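Visitor: I've got a chain open on my screen and would like a quick tour. Could you walk me through it?

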Amino acid sequence: MNKNMALTKHFTISLLLFVLIAAGHYKPVAAQKYSVHGYIREKSSSESLPGATVSLSDRSRGTVANNYGYFSLMLKQGQAQLIVSFSGYQSQQHTILIKSDTLINFYLEPITLSEVVVKAQRTDMAAKDPNRTILSMQQ
C-alpha cells in the first residue's frame, strides 16, 4: 500500500506541476489583438484621403489616416463596428469579424450639397467701418 500511495502522490505532484506550467503559458483568445489596416480613398478617383478617421462605433478607439490615406488600428479578436468618415464625404459604417491581421480599403463618396446662397449686406456698423462686411448664409 505504501507503493500505491507513493505513486498517487507522485502522480498528483506531476499533475499539479503540469497545470501550473501550462497556466503560465496560457493566453486567453479574447486578449489577442490584431492589426486592422488599409487605405481610405475617394470612390471615383481613388485619391487618398489624408486626415480621414476610422473609429469603433462607440468611439472608444480610433485613428487618423496619414498623408497617403493609410490607417492602422490594433483591435481585439471578434466582431467590431467601424465608422469611417472624412469632412465633405458620406460616412460609412462596417461590421467586420477580426480573426487575424486584416487589410481593408474604404472608398468614400462626396456629399452632394444643394445650392448655397451667400449674401452680403451693409449695416450701420459696417457703414462706420468700410473694411468690415457682414455675411449671412442661407441654404
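**A tour of the chain**

Guide: Among contacts (heavy atoms within 4.5 Å) in the chain with a separation of 6 or more, those between residues 24 or more positions apart account for 48%. This is a predicted model, where local features need pLDDT of at least 70, side-chain atom pairs count only at pLDDT 80 or more, and totals for chains, interfaces and linings use all residues. Residues are numbered from 1 along each chain as its sequence is written, and side-chain values use heavy atoms, with hydrogens and water left out.

Visitor: Which element has the lowest mean pLDDT?

Guide: pLDDT is the predictor's confidence in each residue, from 0 to 100. The chain averages 82, and 65% of the residues score at least 70. Where pLDDT is low, the predicted coordinates should not be read in detail. Strand β8 (residues 106-108) has the highest mean, 97, while the lowest, 60, belongs to strand β10 (residues 134-138).

Visitor: What pattern does the chain follow along the sequence?

Guide: Helices (H or I, at least four residues) and strands (E, at least two) are DSSP runs, numbered from the N terminus. There are 2 helices and 10 strands in the chain. In sequence order, the pattern is α-β-β-β-β-β-β-β-β-β-α-β.

Visitor: Which residues have the most contacts inside the largest nonpolar core?

Guide: By nonpolar core I mean buried Ala, Val, Leu, Ile, Met, Phe, Trp, Tyr and Cys residues joined through side-chain atoms within 4.5 Å. The largest one has 20 residues, and the most contacts inside it go to Val36, Ile40, Leu75 and Leu82. At least two core residues come from each of β1 (33-42), β2 (53-56), β4 (70-76), β5 (78-85), β6 (92-98) and β8. Ile40 touches, among others, Val54, Phe71, Val84, Phe106 and Leu108, but for the most contacts inside the core the names are Val36, Ile40, Leu75 and Leu82.

Visitor: Is serine 55 buried or exposed?

Guide: Buried means under 20% relative accessible area, exposed over 50%, partly exposed in between (1.4 Å probe, protein chains only). Serine 55 sits in strand β2. Because its relative accessibility is 7%, serine 55 counts as buried.

Visitor: With which side chain does the side chain of serine 55 make a polar contact?

Guide: A polar contact pairs N or O atoms within 3.5 Å; within protein, one must be able to donate a hydrogen and the other to accept it, and residues adjacent in sequence count only if both atoms are side-chain atoms. For the side chain of serine 55, the partner at 2.8 Å is the side chain of arginine 59.

Key: Lists of a residue's contacts leave out its neighbours within four places in sequence.
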